Amino acid sequence: MFKTIKNQFFLLAIAALGLNSCTDDYNSINTDATKISTIGATEYPFQFAYALMTPTLSPDNFEVGEGTIASVYSQFFAQAAQSFPTDRYVIRQDWMPACWNPVYTAAAPQLKTIMAGTKAETSENALANIWWVWMFHRVTDYFGPIPYFNAASGNRYIAYTPQDSVYFDFFKKLDAASTVLKSHTSDKPFGTYDLIYNKNASPATAWMKFANTLRLRLALRISKVNPTLAKQQAEAAVAAGVLTDISDDAYMPKSTTTYNEYNGLAVTSGWDDIRMSAAMESVLKGYNDPRLPVYFQPAISTGTFEGVRNGLFTSEKILDINSRLFNSNMGTRWVNWVNNDWKTTYNAPQDIMHAAEAYFLRAEGALNGWSMGGTAEDFYKKGIQASMAQWGITDNAAITKYISSTATPIAPLDGMKSPAVNDYPVLFSGTESMQRKQIAQQKWLALYPDGAEGWAELRRSGLPKLYTVVHSENTDLPQGTFIRRMPFLDTEKQTNAAEVAKAVKMLSGPDNAATPLWWDKN
Amino acid sequence: MKKSTKAFRSPLPEGFQPKPLRIPRFSLTTFLLYLMLTSVCLIGTAQAQPAKKVTGKVLDHKGAPVPGASVIVKQSTSGVLADKDGTFNISVPANANTLVISYIGMKTQEIVIGNKTDMGNITLAEESVGLQEVVVTALGIERSAKTLTYATQKITGEQVNEVRDANFTNTLSGKVAGLTITPSANGPGGATRIVLRGNRSIQGSNNALIVVDGVAIDNSSPAGQVRYDSGGQSGSDGASNINPDDIESINVLKGAAGAALYGSRAANGVIIITTKKGKTGKINVNFNSGVTFDKALTTPSFQNSYAQGSGGTYSTLTGGSWGPKIAGQSVTNWAGNTVSLQAYPDNVKDFFRTAVSNNNSVGITAGSEKVQSYFSYSNNFINGIVPHNSLTRNTFNSRVTFNLTDRLTADAKVTYMIQGIKNKPGVGGDGMVVANVYRMPRSVDPQTLKGYKNVSVTGVETPTFWTSPDPVYMNPYWTINNTHHDENRSRVTGLLVLRYKLTDWLNIQGRVSSDSYNDFITQKYANNTVNYARQPGGYYSEGNDFISERNLDVLLTGNNQITSDFKINYNIGGSVLNRNLRHRVNAADGLGFNNKYDLSYATTLKVEANTTKRELQSVYGTAQFSFKDYLFLDLTARNDWSSTLPSPYSYFYPSVGISAIVSEMMKLPSWVSLGKIRGSLTKVGNDADPYLLGQNYTYIRGGFGGYIASSSTKAIANLKPELTQSVEVGTEWRFFNSRLGVDFTYYKTNSKNQLLNVSAPASSGYSTLNVNAGNIQNKGFELVLSGKPVTGKNFTWNLGLNYAVNTNKVISLYEGVSQLYLGSSTSVRTATPLIKEGGSYGDLYGYKWKTLNGKYVVNTNGVPVKTDEIQKLGKTIRNSQQVSVTAFLTKTGHYPCSLTVNSAV
């Protein structure tokens, strides 16, 4: 009996000790079969597609990261959502990460992986660099100094870079990428995962034009703060080739497959967040602009095109004349009124960059005396034509009539009884100051609905003259002033406090919405 | 009152001759080895000595036999147990003269043997209630309450079922000092939080471990808990699946004392449930039937002076109630009818209903000497207070105990449960039913909302609403009629235990248990439901979660009387625990035919899949040394190897406890029935979730061939186990034959090295990083007073008071991280629980009105402005201090009845 017990003891002891060596399969148990642990050339196209999709913003990010910020500050739209206050310049820190996080945590890590894993002279590397600039220029133009050189480095804290240095790097990257692509015109980098240009005859060439147009845009942006560099960059960009035809226009395709692939702007308008601004109404109606019924649709209750002023109180928004049913939502390309509700076209492509803008940029450059390959007037007309063509307006007679029209904006007959927003005619003026206004006004119209670029250019040039917000609830921005930037994020102050404190010193004023950015000299 | 959890243990091995043992000095790491060696030594010294035979029969005060009564020869180590008839037959050495007869719950008696060989009937008197109380401790080991070195509190099955609840854990509220029960707002079947002695884990579970018949059961909510103010449906938990009628008793281990035997999950305390088993004797059938009524306890208080509108103007274009003063003026209501303006003060309250629920169960016990069985069936039909919400549950339970041989017993249990929840209401903000109800403008007649839809000539339904269609909120009657969240669960728990008595003092037990369940969750959103049916036709999803937990363990249990004063009880065990989760969701985002809720109608099919696996291997041991039955030393140790940690996967945690029965160590006045002091120190390690070690990438489906994304959480390659240290001291006194009792406990726990998912600067490329950090401290005391002011033949009055105070403090978080959002939101839309260094778990933060010198700050338009930063608003943890009083009056005799009052603050 003793022996049996002893044997049983040993068995137990062995069983217990045996557990020690049973951990051989622990590594495989603790490997998530649904995930990918190593990344290489096979995965880069998928990562690039992700980097393209995410900073064009999912519906949730678009609504609060752009739809309540740049979309209304550009005055393409006025805020219709009754409870939203950003149109009255209230800063909603809880919403703002939506414009930041997709760039830093979703897109940038993928681009960094591709940049590190591909040689600088490859077209894949060039595309990663171009897209890097595209998404970061939107971030820096919101905030000014931003975490840039160490973005997505995984470091515990990330230093901010002053905006001028950020811009200098943009030019460097675009120049290099354009040069690489010029010698790889037959490349199809990332194949079908280049969601923007894969259907184009020569994706590499299209990306090269895109890079140069972006470079031209950024050159004009710094034309007041650094005219010398601006001229040099603009001329180099034009010489290398910018967008000239709508067939090279850049769109981000959107899909109904997953929610995050929906067109964020379309969803935002389907959610009844926005309506045509009174400024848009004043200009488009005054010009009898063929784009009016494309950009917007008649108000549900009136059957007419109606806009509303930016910056109304809720108590004003509920008045019929300012209400949603009495004002124009976006055009039928994005939403349609069916069964008393908005049906959203989730897969409406998102506008990224167009040849029309390139022409207006060149027109302004030509006025600056830069070598843009043509005259301001010629580019102005081509810009209008390209914009019309882009929106499917093919009636050449109407376009010609439009270009020669002396009509000016009209009073929108809105709830605030606003006067006409400005008095610029379409017909190209003989005086440079009016020409600048006209170019700015037509570019503003052509940029629709890209709020981020619209707002940036309003700040940079101060043109066209638009309405002031009816009410400001931001003590830093008294009635009559214009919003200049977004304050640094609370989430960054909580997690990256010391670096944000240093970044505040890089600003020309306090960290609020009234402090102009480096390139903003108005 | 007879306890059914009778101990069946032999204090002495037969024919054992004591021999002094040399006890080696040991560290806790060599503890297990030491235990084994000790045991082997003990076996080696076992010898027999012949003598005369003595017989007798042990009876209780009513004359019934006492099977299992212990009969030992005084001044020796000889002893036997009485058989089922209470009779015993013992060998007595020639020099012995006295027998000591004892049984738990009865007074020990000594009898002089003299020349007799038949001692006849020996009647044991009843022990004062409580002193010999047996409690079930870790791994189903029964111990006399007085020997414990830590605080426990026992609840009987009857107490659980005094007031019935679909989730029995809700009935524990107020019955245990230091226990906080937070029921779910998700209607019947929702997960209940069961927290003992405060919250110690910031991002992990704070729920006490639930153990049924010695086996931990899964009490997670696979579908997760709603953590965002946008809301949703929280998952159902595991504890709610236990049929209250099957519960024999519950013992609550408040501290981490169970951790050595149950592992890390016991760090939050353990709710040990013993279920009923079969009894020898004739067939006994027990029916239970009950009806309960539930009503909404309270609704927010609303103003009823101002109508729908804004800025003092009546308007149905806004959902707010900032309109004109209500004075019967004539207006056009939202439905287009001219009405005179009036307030509907009860339009929110009237939405809810009085919910009637039925609980029926039948339990059958029967048994022979060889086989005892218990079968039960219960049916619960429970209605929620939100219309159309209900739960149906059928539970089948079968437990059979076999006495295969004198040495071998088997215990087999299978429980099968099927549960269906219909229309589980969502909690939180965006379009959830209660949020929709609460937004009803004060001047809206609820009758106008009940026809919640318009139907077109082609049969297309569109919702009606009191204002122009909102992108998120809707008519609540549309919500309850045209959106559905249904859950079905089937669960099988099986347990097989084999016990073999190696010797009278040594048992080995092997056990296999399995707990697995399938959740099938469907969500239906009718065509035109705002926010949720985004594509034409409607939305339908099927979620399937399969959770399984399989445990294999071996446990060796022994006890030895080393000298007449010195005893040792010990356990050595090993176990392998495997846990798997398989999660699948298929969703039809858009249906080809309106409201045909089936995946085959999907216009766009979306898939979500997730599988996790983990394994935990453990070796553990406990030893209790007792001296003269009044001084006890407990030592425990455990080593775990977890698959979720980096190599070598291992962590070790020990505990030490001591208790002394003062009332037996020294002569105290006779009115002192018990005096005891106790203390313990415990360390508990804990592993983390799987798959945290390596940086990885995710494939994401999409319309253009898919994407690959890097994880936005920075992995933690050097993940360390969490560590909870606790110290506990207590004292327990009973007076006047135990009619008055007081039990006081002070404790302090520190949880360190917690796995925290902290916010990273998004600019780093990661939104969060996993770190080991933090120190959360809970300290407090518990006071349990019990009294029996009246005890008569037909009438007793019991009174209990539980008082507990817990102070929770966040001592440190992580370098560069001064706060953590519990709601996992880095932005505050309304209010959020926020963990701040120096604050406590559950502090609620949000914006307030900005004031200056006690006056509101207004903007240029005269509108009050909110504070620049979020500020502390209050606490979400209700009971940092809790008091509860229980009184029950029992009348027996011809018209038995009882009255229970339980009030908790």
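Hi everyone. Before we look at anything, one definition: two strands pair if DSSP finds at least two bridges between them. Keep that in mind, and remember that this is a predicted model.

Let's start in chain B. Ser618(B) stands opposite Asp640(B), a residue of strand 33. Strand 33, residues 631-642, runs antiparallel to strand 32 of chain B, and 12 bridges join the two. What happens in the hairpin that these strands form? There are 3 residues between strand 32 and strand 33 of chain B, and Lys628(B) takes a positive phi near 55°.

Strand 32 has another neighbour. Strand 31 of chain B, residues 566-589, is antiparallel to strand 32, residues 605-627, with 23 bridges joining them. If you'd like one pair to find on screen, Ile568(B) has Phe625(B) in strand 32 as its bridge partner.

Now over to the interface. How many residues of chain A are in contact with chain B? It's 81, and they meet 90 residues of chain B. Together the two chains bury about 7,300 Å², 59% of it on carbon and sulfur atoms. The side of chain A that touches chain B divides into 34 nonpolar, 33 polar and 14 charged residues.

Strand 1 of chain A and strand 36 of chain B, residues 697-700, run antiparallel and are joined by 2 bridges. There, Ile36(A) has Tyr697(B) as its bridge partner.

Thanks, and I'm happy to take questions!

How values were computed: Residues are numbered from 1 along each chain as its sequence is written. Chains are lettered from A and ligands numbered from 1 in the order in which they are written. This is a predicted model: local features need pLDDT of at least 70, side-chain atom pairs count only at pLDDT 80 or more; totals for chains, interfaces and linings use all residues. Side-chain values use heavy atoms; hydrogens and water are left out. Helices (H or I, at least four residues) and strands (E, at least two) are DSSP runs, numbered from the N terminus. Contact means heavy atoms within 4.5 Å. Buried area is the accessible area (1.4 Å probe) that two parts lose on being put together, summed over both. Ala, Val, Leu, Ile, Met, Phe, Trp, Tyr, Cys and Pro count as nonpolar, Asp, Glu, Lys and Arg as charged, and the others, Gly among them, as polar.
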